[in-house]
Amino acid sequence: MSFNLKLNKVAPKRIQISKAQSTMMAATVVATIITVFCLVSVKSLVAQARFQSHVISARRTASQQLQDNVTTAKTLDDQYNQVFEGGSTTNLIGGRNDTSPNAIPPDGDNGRLVLDALPTSYDFPALLTSLSKLLAQDGLGSPSIGGSDQSSTVNDQPVSNPQPANIDIAISGTGSASNIQSLIKDLERSIRPFNITKVSLNGSETNMTVNITATTYYQPGKTLNLNTKEVR
């Protein structure tokens, strides 16, 4: 009878201990889950905060670059007006200072004359046409324009750092000394630069043959590289 009473007293205690252990285990599991969740959440928040910091920094850099570009553009515009515009009635090649887009050389504003000085394409046939018109305008007979057309091999596509390229030509014709003087003067005043390297004259003042060796130029266009950057 006494032994049974002791067993009956011990059993509830074991049940209570078992319940306490189960409760403690459950609490430990829950605490572990919460801790892991918090750690993962903190890691995610830190990574997100770091990314947002990179984004804000990149945005500030882009904004500063944009402001610098605006300032540079204004400075360039002011310098352009100081150098190429002005109150003079004549332009740099002696024509009328005319800003109209329909102005024909030697008339035209200085800015357009400078920009047109170096064509962005090779276009050898167009060069021959221009020179033929010039020879006819100055009254030279038996005009002849020689040169090697390299259109099939020349690459005049825009590049990041364009440089002037040479085109060698030979011009000949007959006329008076006055006609030849006019031709040389027009070549000197041409919007497109001509570097006369050799002049040969034969004949009399009223009937003279001229042979001119010269070099002109073109310059491929410049590419504007716009890049995108992924912020990570």
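1. Basis. Residues are numbered from 1 along each chain as its sequence is written. In this predicted model, local features need pLDDT of at least 70, side-chain atom pairs count only at pLDDT 80 or more, and totals for chains, interfaces and linings use all residues, while side-chain values use heavy atoms, with hydrogens and water left out.

2. Length of α3. Helices (H or I, at least four residues) and strands (E, at least two) are DSSP runs, numbered from the N terminus. Helix α3 takes in residues 124-137; at 1.5 Å a residue its 14 residues should span 20 Å, and the end C-alpha atoms are 20 Å apart, which agrees. The expected span is 1.5 Å times one less than the number of residues.

3. Phe124, Leu127, Leu131, Leu134 and Leu135 are buried (under 20% relative accessible area, 1.4 Å probe, protein chains only). They cover an arc of only 100° around the axis, so they lie on the same side of α3; the arc is that of the directions from the helix axis to the C-beta atoms. Thr129, Lys133, Ala136 and Gln137 are exposed (over 50%) on the face turned away from the buried side.

4. Packing. The buried residues of α3 pack against β1 (141-147), β2 (165-175), α4 (177-189), β3 (194-203) and β4 (208-218), contact being heavy atoms within 4.5 Å. Just after α3, glycine 139 has a positive phi of about 75°.

5. Strand pairing. Strands pair if DSSP finds at least two bridges between them. β2 pairs in the antiparallel sense with β1 over five bridges and with β4 over 11 bridges. Isoleucine 145 stands opposite isoleucine 171 in β2, and isoleucine 167 has threonine 216 in β4 as its bridge partner.
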